[in-house]
Number of protein chains: 2
Amino acid sequence: MATSDRTFTVFGAGLAGSLMAIYLARAGHRVHLYERRPDPRTASAERGRSINLALSTRGIDALERIGLAEEVLASAIPMPGRMIHSPSGELTFQQYARDGKQAINSVSRAGLNEILISAADREENVEIHFDARCTGVDFDSGEASVLDGASGQTRSVPTNHIIGADGAFSGVRSSMQRRDRFSYSQDYLTHGYKELTIPAGEGGSFAIEKQALHIWPRGTYMMIALPNADGSFTCTLFWPFEGPNSFAELRTEADILSFFKAHFADAVPLIPNLVDDFQNNPTSSLATVRCAPWNVGDRAVLIGDAAHAIVPFYGQGMNASFEDVVWLDRALREHPDDIALAFDSYASARKPHADAIADLALRNFIEMRDLAGRRSFRTWKKIDQAAGRFFPESYIPLYDMVSFSTIPYADAVEREKRQIAFLKRLGIGIVVAIVLVIVASVFFWAFNR
Amino acid sequence: MATSDRTFTVFGAGLAGSLMAIYLARAGHRVHLYERRPDPRTASAERGRSINLALSTRGIDALERIGLAEEVLASAIPMPGRMIHSPSGELTFQQYARDGKQAINSVSRAGLNEILISAADREENVEIHFDARCTGVDFDSGEASVLDGASGQTRSVPTNHIIGADGAFSGVRSSMQRRDRFSYSQDYLTHGYKELTIPAGEGGSFAIEKQALHIWPRGTYMMIALPNADGSFTCTLFWPFEGPNSFAELRTEADILSFFKAHFADAVPLIPNLVDDFQNNPTSSLATVRCAPWNVGDRAVLIGDAAHAIVPFYGQGMNASFEDVVWLDRALREHPDDIALAFDSYASARKPHADAIADLALRNFIEMRDLAGRRSFRTWKKIDQAAGRFFPESYIPLYDMVSFSTIPYADAVEREKRQIAFLKRLGIGIVVAIVLVIVASVFFWAFNR
């Protein structure tokens, strides 16, 4: 039963919202959880969202705290590294972690969401309302407008404290945006993405290496593929929307096939429905959303994509959102009698880290599509990981900090700058030492000849 | 009579919109001009907008092209420089132009708007609808939603080509924002502003130097004052909203007076209603709005604050908006049979310059509130302007390019970078020349002694 007299209204039962509802219930609060879609456990999946996601340490940590990590990881496929596909079809494996063992995990978005919604549903204090979308909030009165998907009617719902977990196109945030001094940005990439499928082989076998995130880096664009539990892979082509080499230009079967044969030759035989998938699957856009402040007093606060939609190239969107839940839960426990202070302190503490992972994700697009295919970059990765093994306490490669630790993102970025400076000094030191040894040897030889 | 068979719908009869309507009518088009406020020629002025504005070369050029510059400048007050008020009340005059003659001009926003609306009204092809606000546009059908201020009813208005000149909170833009891949940002300063009045002296005399923009630079904040034609000055205090030294902290009469006496001592006796103005005038926020793309095919295009709201510190908001009108008019004349191409080419050509002046305006806040009061900065300004006089063709100080030319903003920024590099080389050259002369003199002396 509820041990607090507070009621929270969570808008959005996606990954962040349903996890938040569980945390709030466990803290003794009453929770109303509203979701614009029908119950995913009975309805069919929506098109146009990514099919699988990379779950790493931050996300696992958030799941462990409520005892769900084991269930989620049971059907996950660990990916300890990238498999780089060169234009000629040559394969190179790059391990992710300095120890070569830690892995990010390919999980099904739909499967994970169902696990979380079922877990929220099991909480006595959580009441879930499906087919109910928040279209706006009156922050003075606390009245939220909720659109019923079945009837098309909008009703007014009284609230005390709102958690806006309603995604990149958040209705809660759109009402915040109408307030004075709400800073906001949405920046679209000129690239879009399209999903294609590599089906499972006979008996659910994997057509390419199962335990890897596959990348076909092609400089200004790329394709990636993540394994699914059923033996299939979901490929995602990241490509410009418009221009000479773009989605807009590639229409006919002949064009599509000749493009793929020229640039992704080894993938073509693996994607039997290539032309059909390409022509019929949607081309989706990629945006970074930033805003501030994330809360309106004790009335509402944003988490997940509603607060900070990021591009997918560091595989951290879900992980960052899950970490939001942990941080907001902690702030609420630290300030149980002052929700405004809890929201304020969560929002101001968390915002710099959301900005940091947004920047890292944008930067990683370049790394994945271009650098990953270069020899110089692979050499750098080897030095970076070797330094991490040689100085296990003081040098942690950035990728390890982001994916295999819970060091806050902005702290990881700062720490990496110091590590790079350290490596440079180390390099200079080694050169000086070598010169000194040579000079000393020459003197020694000169004296003793 | 209309010589084109096209009808344009301009939303917003502020400065940019009413000027645009005149340009379109002169080009032979039919124009419907909608304005959310009542007719300013009969209604009283709105509070909370700045009272006067600095009109400079770009704005004058746009007015000259339709024969309105003379009428506007008749009541304008030229300001050939800044008058810096030090904390001790010491005055220093800094000329704006390298020649010391060119001036920016203080004009009344309301007066200028009335001149423009009257001029638009005189055009046979312009029909003006007051009290009619655009709340959104359906870009597929061309139907615009227009809210009638008197009845509170929203009606649907059919349109062909829309010019969104409806300001920083544009209804046209809000509909664009709901489209996929519309990049958008609104960034608020942590400073707000409040207006105060220095009334005219006896017989309409000016209490402080008439022909100057007055600045009280105080490092992290400042006050400025611009002259009005009636002998008064409108002061604007730019100050943080919150924190230890902020609008939020200054409430009581004693606090207000002691703050002003400590920091703006020479202004206090000039502002008789200081406490009353401070307590009752609104504190307004300052935002930079950027977006892209500015148009939806041939259906709608943005100009002025709707496309690029900027902070006021370079005095270029109105001037940039007027220049938009000139550029859009030129694009429409260049592509009379392809409005989509005209809108596209205006939008893509103009956007980098809007971004450039937005950045310059932010940067100038630092210059005005902090640098302007420093001796090192004044020395730099003297060198900058002297270089501009010595190399009149090849070196134009940035301020002169922005305020006293129609060189596109981004080109001015690029050119300034080259000029600074040139000055550095010149400085090195002079030092080398001096050293050579000294060396030669020493040799000459050594040989001939």
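A:Asp370 and A:Arg374 form a salt bridge, with the closest N and O atoms 3.1 Å apart. The model is predicted. Over all chains, the count of salt bridges comes to 38.

In chain B, a salt bridge joins the side chains of B:Arg58 and B:Glu323, at 3.1 Å from N to O. This pair links distant parts of the chain. B:Arg58 sits in helix α2 of chain B (residues 57-64), whereas B:Glu323 belongs to helix α9 (residues 317-334) of that chain. The two residues are 265 residues apart. B:Arg58 is buried, as is B:Glu323.

A further salt bridge in chain B pairs B:Arg290 with B:Asp355. Here the closest N and O atoms are 3.6 Å apart. B:Arg290 lies in strand β17 (residues 284-292) of chain B and B:Asp355 in helix α10 (residues 339-369) of chain B, so the contact ties together parts that are 65 residues apart in sequence. B:Asp355 has 23% relative accessibility and so counts as partly exposed.

Chain A also holds a salt-bridge network. A:Arg58, A:Glu323, A:Asp324 and A:Arg350 are its linked residues.

Technical notes
Residues are numbered from 1 along each chain as its sequence is written. Chains are lettered from A and ligands numbered from 1 in the order in which they are written. This is a predicted model: local features need pLDDT of at least 70, side-chain atom pairs count only at pLDDT 80 or more; totals for chains, interfaces and linings use all residues. Side-chain values use heavy atoms; hydrogens and water are left out. A salt bridge is a side-chain nitrogen of Lys or Arg within 4 Å of a carboxyl oxygen of Asp or Glu. Helices (H or I, at least four residues) and strands (E, at least two) are DSSP runs, numbered from the N terminus. Buried means under 20% relative accessible area, exposed over 50%, partly exposed in between (1.4 Å probe, protein chains only).
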